[in-house]
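Subject: Structure for your review

Dear colleague,

Please find below the structure that I am handing over to you.

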Amino acid sequence: MSRCAIVGGGLGGFVAYATLRHGGLEPGEIAVFDPDPDPLGAWLPRAAAIRQRRMRSESDGHCHPRSFPGLAPRETYRTGNLAPLVATICNRYRPTVGDFVRHVEELRDRTGWDESVVPCRVGAVRAERGGFAVDGHGTFRHVLVATGHPGLAVPEELRGDPRAVHAYEQHGYASRVAVVGAGMAAATEWLNALAAGAEVVSVRRREPARRPLNLPRPLFSKRGLAAFHRSPAADRVELLTTLLEPSYPPGQVWDAPLAAAAGEGRFRVAASVDGEEQIVCATGFRRGFHHDPLLRRLVEEHGLETEGRWLVLAPDGAVPALADAERTLAVAGVAAQWAYPAADTLVGMKYVARRFLHRVRSCPTR
Amino acid sequence: MSYTLRGRLESRLAASVLPFLAACILALALSAWWPLELAGAMVAIGIALDVLVYHRLLQFQPAWLSVPLGVAELALTMAVVRLAGVEAPLEPALWFFACSWVVALLLGQAGLPALRLSYAEDGGELGRGGAALSLAAPVALVGVVAVALAGQPPTLRLAAGVHEGPLVIDHPLTLVGRPGTVVRGGIVVRADDVTLRDLHVVGGEDGIDVDEADGVVIDRVTVSGVTLDAIRIRRSSATVRDCTILAGSAPHVQGIDISFSAHRTMSLVDGCTVLGGQEGIVTHSAEVVVRDNRVVGTSLRAITMTEMSMGAIEDNEVRSARGVGIYCGDYSHCEIEDNHVIGTTPDRDSDDPSRGGYAIQSHFHAVATVDGNRLEDNARELGGFAGGSFGEH
């Protein structure tokens, strides 16, 4: 009864774990449920599939509980090179995937993560008196559900098409490639396929937004969040729908190769697929809590409030009907967008984790 | 970072704590108010900019923007300090600002995010600590003002009418007159931190005699009818502001004489009018800035800086001096800039060639740096004698 449970051992769960450890909880007080003990087990293959070399996040896109020092000052300290520090001052620092992986592995060792991982998949969490039953593993007073994205999204019309592959699955490139989608993964795939010598057709329904991060920067802090949290449910749904449309960063790194390829007739935009040899679906993930079996069951069994495809949460990521002074059920990662629109970013994961820690600490019986 | 307004203010206050403490220590160590006044101006301008400008214009503030914003805040702070008449020496003031800025930068970018987990996502807000700071700031302000007021010399107000002198002041005091207040026979100052304001001093050998005193302020005082010096300052540091000296044509009368004070902090003579007398404003072995004064009709020299004095003579109007307008003599170093010297005439009673009606003169190994002076209708313009020399910026 005295322990915390984190359901899901991906990056969201890992960030929460590191935060709880920072807050004074011992590894024995936290149980992390996931079949894969590697916190990068879900994320890294996807990054590898799109040949991602640098993170979209900046210096503070890390899993340490404290924002400072971020990855840029740490890199400067490690290498003696001031360039990362200068770059981060100008918001131009993007850590490499290698640096990020190293940082996660270091933190994994330091926090005792492996001591807390229970290798199993949790199918259900149920509210009980004074806590939550976690699928036969006991009752926990505080539970954080961080199950991550509920599977890859493939357009209905391309399901079963032998030419189609999802961007986040391992793949090579044919000589004529259609890339469906217009977000960060799609932009990465345009450049990958062009670099592999392919002719690329970008299939998109709308022009992507160009911004450095997934969302406008004020929405990462209370400045933008306060208005977001105040807005009525219908407005919030509309705002989330708009904000979560595809985007990728501005800059010549992206534009120059595309312009050069367009000049050579190797890159064009189209509204639909048209006989290309290969179709790369850079269409991200399935959206909505109902695609996640655990969350769907939680909602159905407890009659939780939902709005559109979102689970309605308190501003701190807790489920209002299942959180009070003595117990907490909170949600982290993409399913927490109702509380924090950028919940599926590292900063968003920390946002929920810090508030979860606050609830755990405030609980009179922990 | 995207600050909320509260976050900006709380972060600003947090960043002000160390500079404020440093200012308190400096103020105590130097026995001067300028560090606190400077820190106060710095914080006030920062808060005003936070509320009126930054919060409205900057949805997101990247780290690099701290540099241009810091420069703008520095310029505004120095302008306000100057306009408010805060007597903060330039170089220490710049250092104080720069160090405070670095502290604020380190605190905002590293210290506070390290201390408070949710600092960035809370838009710079500091939770209970911020609320405590918001309460502590006005308390600290009231405390400083209270201490400042408690430490101020008492004020004695003289009624309108004639008060027989000489008045001898031997403890810190602010002596203030009203329209029609006249002190006959002079005022003698023998204590630090004495302020004389809005007085008319008539008669006596010396109108105001200051000796062995620091921090003396002589403000909006008129002196007339004396037989030696209208204002005589020895071994002291003083600020003489907006005074009027009616020296007349008595043979030995001088306007303002600041002497033997090189071991004291710099004195200032600013905005005074001296009519007549032998020498209008004269310094011997002293560090003085003579600025924005009007000296008319002197019989020996209008403004004199001599006997290893050091200082600036700037933006003064010197009119109808006999012999010499502005004089830098006897190993002194004088920066003579942007003065207007008009109608200096030769001294017909003297056969000394240096009395030949020079607008500006450097004498006996003195070094006068001249720049931007307007010289009109003088018998002669620049004259160097006995090893005195001129330089230009």
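Predicted model: local features only at pLDDT ≥ 70, side-chain atom pairs only at ≥ 80, totals over all residues.

Residues are numbered from 1 along each chain as its sequence is written, and chains are lettered from A and ligands numbered from 1 in the order in which they are written.

Chain A

Chain A contains 12 helices and 17 strands; these are DSSP runs numbered from the N terminus, with helices being H or I of at least four residues and strands E of at least two. Its radius of gyration is 21 Å, close to the 21 Å given by the globule rule for 366 residues, so chain A is as compact as a globular protein of that length. That radius is taken over C-alpha atoms, and the rule is 2.2 Å times the number of residues to the power 0.38. The C-alpha trace of chain A spans about 65 × 50 × 40 Å along its principal axes. Of the 366 residues in chain A, 46% are buried (20 or more other C-beta atoms within 10 Å of the residue's own, with C-beta atoms placed from the backbone).

Five strands of chain A form an open parallel sheet in the order β3-β2-β1-β7-β17, where two strands pair if DSSP finds at least two bridges between them. The edge strands are β3 (117-118) and β17 (328-331) of chain A, each pairing on one side only. Within the sheet, β1 (residues 4-7) and β7 (residues 142-145) of chain A pair in the parallel sense over four bridges, and A:A5 has A:V143 as its bridge partner in β7(A).

The largest nonpolar core has 68 residues, of which A:V7 and A:V352 touch the most other members. Such a core is a set of buried Ala, Val, Leu, Ile, Met, Phe, Trp, Tyr and Cys residues joined through C-beta atoms within 7 Å. Helix α12 (residues 346-362) of chain A gives the largest share of this core, nine residues. Beyond its neighbours within four places in sequence, A:V352 is in contact (C-beta atoms, placed from the backbone, within 7 Å) with residues including A:G317, A:A330 and A:Y340.

Chain B

In chain B, 10 strands form an open parallel sheet in the order β3-β6-β9-β12-β15-β18-β21-β24-β27-β30. Strands β3 (167-169) and β30 (380-385) of chain B stand at the edges with a single partner strand each, so one side of each has no neighbour in the sheet. Strands β18 (residues 279-284) and β21 (residues 301-306) of chain B pair in the parallel sense over five bridges, and B:V282 stands opposite B:T304 in β21(B).

B:N378 lies in the loop between β29 (374-376) and β30 of chain B. B:N378 is buried, with 21 other C-beta atoms within 10 Å. Although 58 residues apart in sequence, B:N378 and B:S320 are 8.6 Å apart in space, C-alpha to C-alpha.

Contact between the chains

The contact takes 20 residues from chain B and 17 residues from chain A. On the chain B side there are 12 nonpolar, five polar and three charged residues. Here Ala, Val, Leu, Ile, Met, Phe, Trp, Tyr, Cys and Pro count as nonpolar, Asp, Glu, Lys and Arg as charged, and the others, Gly among them, as polar.

With kind regards

Key. Buried ≥ 20, exposed ≤ 12 C-beta atoms within 10 Å, placed from the backbone. Contact = placed C-beta atoms within 7 Å.
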